[in-house]
Amino acid sequence: KVGAVTEWLETELLSDGADASRKVLVFAHHKSVHAALAGFLGEKLQGHEWVHITGDTPPSERVTRLARFQQQPACRFAVLALTACGVGLNLACADTAVFAELCWNPATLEQAEARIHRMGQRASCVNVYYLTAGDGDRSPDAAMFGALVKKSRVAAWVVDGGAPSDDLGAMGARSPPPRRTAAAAVDVEAEAKAEAEASEPSQLS
């Protein structure tokens, strides 16, 4: 899946026709995915154009990197650990959030998404992408996303006492600016073929 994710990032956010003014949060969980994303952005961008923050980042360096992303227009991408950076941060300077991986707890995803829905958000529309891999509803990612949506709906119904939410991030959906969310399917066919030729089984991250 990692190769498909980086291909999606390049096509949607780094191509010549992409909006160069967008500030993007890319959330991931596993170290292998973080390493792949860091290697990819390191090849595509200059060092001052992106930051990388995980649970292993020293506190002083974490503050420095966050400040660079928040204050410097040229710093457009932040690769963030889903758990280490999912709470307590104001990242309203960004207008796009990309989830390269899912997890089984919808609250973790909603808290991470909420980093972009903070005071000071000036974007007319916030874009949120949950990247899923596989063939339709039969893939592990699709099954996980469906389960997450159901859990989120139940939680919203229990907490709010109203109609269940139809998607993730119900808290963010109630706050301006308008929020556009998509479960963007990434194409893993080419990656799978390459792995098959190398006699290695294709595995989702």
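**Exercise 1. Is F99 buried or exposed?**

Solution. F99 has 0% relative accessibility, so F99 counts as buried. The cut-offs: buried is under 20% relative accessible area, exposed is over 50%, and partly exposed lies in between (1.4 Å probe, protein chains only).

The model is predicted: local features need pLDDT of at least 70, side-chain atom pairs count only at pLDDT 80 or more, and totals for chains, interfaces and linings use all residues. Residues are numbered from 1 along each chain as its sequence is written, and side-chain values use heavy atoms, without hydrogens and water.

**Exercise 2. Which aromatic cluster contains F99?**

Solution. Start with the rule. Rings of Phe, Tyr and Trp (its six-membered ring) pair if their centres lie within 6.5 Å; planes under 30 degrees apart are stacked, over 60 edge-to-face, the rest tilted.

- Step 1. The count is 4 aromatic pairs.
- Step 2. F99 and Y130 are stacked, at 4.6 Å centre to centre and 10° between the planes.
- Step 3. Y130 is buried, at 0% relative accessible area. Its ring and that of F145 have centres 5.8 Å apart and planes at 55°, so this pair is tilted.
- Step 4. F27, F99, Y130 and F145 form one aromatic cluster.

**Exercise 3. Which residue in β4 is the bridge partner of F27?**

Solution. Strands are DSSP runs of E, at least two residues, numbered from the N terminus. Two strands pair if DSSP finds at least two bridges between them.

- Step 1. β1 (residues 24-28) has 5 of its 5 residues buried.
- Step 2. β1 pairs with β4 (residues 96-99) in the parallel sense, over 4 bridges.
- Step 3. The partner of F27 is F99.
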